[in-house]
Amino acid sequence: MKINRLVLAASALVLAVTGCGSGSSDDDDASGDALTIATSFYPLQHAAEQVGGDHVEVTNLTQAGAEPHDLELTPKQILEASQADALVYLKDFQPSVDDAAAEAGDTAFEVSPFARLDIEPHEDEHGDEHGGEDHEGHDHGSVDPHFWLDPTRYADVVDALADHFAEIDPDHAADYRANAKAFTAELSTLDTDLTEGLAECTSTDLVTGHSAFAYFADRYGFHQESVSGLSPGAEPSPAALADLITHIKDEGITTVYAETLVPTDVADTIARDAGAEVAVLDPIEGLTDESAGDSYVEVMRSNLATVREGQGCE
């Protein structure tokens, strides 16, 4: 298997590195003061940085601008993940990271038990099954993984990270928990603003690029209608597209939401044929120069403004 070849290559690289000598420089000692944290994609990177502060060095295995669903790890990344003090990841979201986590062993920290993943993929009345294995064999498991679009679930993961960092670095436990408290307070304010800003909307049908917004929709009173399934690259069938266009027309939906990390062609076609507009609603799977903000909270606030306009919220 491809991953086995990568693991072997990474193991060889580990042996080469450790064979160069056991001495350490002052620079090595200085860098060794910080926890090394490997994270699988942006929301977990951001959470680790907010919790860890100056006590951590965080590496994101998904490069900026890359679609995280399609991640394939290099031997160097496998090495980074296996040598880190913690590999923070979400099971069943990125198969190559799941394999790396198996190699990392006890240093792998899986966040789904804290994220309250309880919304199952479904087959809606307008299209294909929005579930498990829907794009190039990527298995997303039996529940929707996009928990971070509900700030309250994201906050629970932040608290879990603080506890984990405190466990592996007890000397800075108070700092980790204080940092987490400050960030979760910011997330609580964001949740309040989203709840109030989206309380009264003309349309509650949220037509999105892929099925990333189930937790957002559940939290703030919308019904998600997605163009594709849990993976943004999945191709919807012609019948599903026609059904969705009919639904948009029948319900008077005015906005179809595209995304930042995938082409907008399908959303553009649906909007044109349905007489709707296209706006960008960011699932925040990664940040790029096209993102409407430099952090999770900034992009979520941009999403709030976008949804308020697109759904006719008072």
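**Entry 1: overall make-up**

I began with the secondary structure, and the protein chain has eleven helices and ten strands. I note here that the model is predicted. The chain has 314 residues, and 52% of them count as buried. Next I took the contacts with a separation of 6 or more, and 63% of them are between residues 24 or more positions apart.

**Entry 2: the nonpolar core**

I wrote down a general point before looking: in soluble globular proteins, nonpolar side chains tend to be buried together. In this chain the largest nonpolar core has 56 residues. Which residues have the most contacts inside it? I found Trp 148, Leu 198, Phe 216 and Tyr 296. Several elements each supply at least two residues of this core, among them strand S1 (35–39), helix H3 (42–52), strand S2 (56–60) and helix H8 (214–220). H6 gives the largest share, nine residues.

I followed Leu 198 further. Leaving out residues up to four places away in sequence, I list Phe 216, Tyr 220, Phe 222, Leu 304, Val 307, Arg 308 and Cys 313 as the residues that Leu 198 touches.

**Entry 3: aromatic rings**

I counted twelve aromatic pairs. One of them is Tyr 154 with Tyr 296, with ring centres 4.5 Å apart and 50° between the planes, and it is classed as tilted. Where do the two residues of this pair sit in the chain? Tyr 154 is in helix H6 (residues 151–168) and Tyr 296 is in helix H11 (residues 296–310). They are 142 residues apart, and the pair links distant parts of the chain.

**Entry 4: the disulfide**

I reminded myself that a disulfide is a covalent bond between the sulfur atoms of two cysteines. The count here is one disulfide. Cys 201 and Cys 313 form it, with their sulfur atoms 2.0 Å apart. Why is this disulfide right-handed? The torsion about the S-S bond of Cys 201 and Cys 313 is about 95°, so the disulfide is right-handed. I located Cys 201 in the loop between helix H7 (173–197) and strand S7 (205–208), and Cys 313 in the segment after H11. The two are 112 residues apart, which is another link between distant parts of the chain. Both Cys 201 and Cys 313 are buried. Cys 313 was already in my notes, as one of the residues touched by Leu 198.

S7 pairs with S8 in the parallel sense, over four bridges. I looked up the bridge partner of Thr 208 in S8, and it is Ser 226.

Last, I looked at Ser 237, which lies in the loop between strand S8 (223–226) and helix H9 (238–251). Ser 237 counts as partly exposed because its relative accessibility is 23%, and buried would need under 20%. From Ser 237 to Val 227 I found 9.7 Å, C-alpha to C-alpha, with the two ten residues apart in sequence.

How values were computed. Residues are numbered from 1 along each chain as its sequence is written. This is a predicted model: local features need pLDDT of at least 70, side-chain atom pairs count only at pLDDT 80 or more; totals for chains, interfaces and linings use all residues. Side-chain values use heavy atoms; hydrogens and water are left out. Buried means under 20% relative accessible area, exposed over 50%, partly exposed in between (1.4 Å probe, protein chains only). Contact means heavy atoms within 4.5 Å. Rings of Phe, Tyr and Trp (its six-membered ring) pair if their centres lie within 6.5 Å; planes under 30 degrees apart count as stacked, over 60 as edge-to-face and the rest as tilted. A disulfide is a pair of cysteine sulfur atoms within 2.5 Å. A nonpolar core is a set of buried Ala, Val, Leu, Ile, Met, Phe, Trp, Tyr and Cys residues joined through side-chain atoms within 4.5 Å. Two strands pair if DSSP finds at least two bridges between them.
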